[in-house]
Amino acid sequence: MSLTGSALRVTIFIGENDMWHHRPVFTEILHRARKAGLAGATVFRGIEGFGASSLIHTVRLLSLGEDLPVAIVIVDTNDRLRAFLPQLDELVTEGLVILDDCEVIRCTGREKEGP
């Protein structure tokens, strides 16, 4: 897939322990984005953060270090990403979902290896 020029970026902030049918929400989002044929998605694990509850989750506190913040970033065209948003409505019951316009300068992939 070739993607350059104007695009849309969605960033989803959730907790590492958020689950969807016994599967991490971040994993479910990533796999659904791939199945939807979106240009790309990446999951980032944070080392510290807080959300609407103002409870700080950090690797420095042993008791709270088990539910660290996670950010999932997905980039694609405006139409394709907006078509994917209803799936996020279903999956993200707690967290933050933001959209912003971006410009893709370069989007290249590796050649597929093996079968």
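**Helix packing and core of a predicted model**

Student: In the protein chain, what share of contacts between residues at least 6 apart in sequence joins residues at least 24 apart?

Tutor: The share is 73%, where contact means heavy atoms within 4.5 Å. This is a predicted model, in which local features need pLDDT of at least 70, side-chain atom pairs count only at pLDDT 80 or more, and totals for chains, interfaces and linings use all residues. Residues are numbered from 1 along each chain as its sequence is written, and side-chain values use heavy atoms, with hydrogens and water left out.

Student: How many helices and strands are there in the protein chain?

Tutor: The protein chain has 2 helices and 8 strands, in the order β-β-β-α-β-β-β-β-α-β along the sequence. Helices (H or I, at least four residues) and strands (E, at least two) are DSSP runs, numbered from the N terminus.

Student: At what angle do helix 1 and helix 2 pack?

Tutor: Helix 1 (residues 25-35) and helix 2 (residues 78-91) pack at about 160 degrees, and their axes are 11 Å apart. Axes are lines fitted to C-alpha atoms, for helices over the stretch in contact, and angles run from 0 to 180 degrees between N-to-C directions. That angle makes helix 1 roughly antiparallel to helix 2 (under 35 degrees counts as roughly parallel, over 145 as roughly antiparallel, 65 to 115 as roughly perpendicular and the rest as oblique).

Student: Which residues make the contact?

Tutor: Helix 1 contributes Val25, Glu28, Ile29, Arg32 and Ala33, while helix 2 contributes Phe84, Gln87, Leu88, Glu90 and Leu91.

Student: Now the core: which residues have the most contacts inside the largest one?

Tutor: They are Val10, Ile12, Ile14, Ile29, Ile72, Ile74 and Leu88, in a nonpolar core of 18 residues. Such a core is a set of buried Ala, Val, Leu, Ile, Met, Phe, Trp, Tyr and Cys residues joined through side-chain atoms within 4.5 Å. Buried means under 20% relative accessible area, exposed over 50%, and partly exposed in between (1.4 Å probe, protein chains only).

Student: Which element gives the largest share of this core?

Tutor: Helix 2 does, with 5 residues. Strand 1 (5-15), helix 1, strand 7 (69-76) and helix 2 each supply at least two.

Student: What does isoleucine 72 touch?

Tutor: Leaving out residues up to four places away in sequence, isoleucine 72 touches Val10, Thr11, Ile12, Ile14, Phe26, Ile29, Thr42 and Val43.

Student: And where is histidine 31?

Tutor: Histidine 31 lies in helix 1 and is partly exposed, at 43% relative accessible area.
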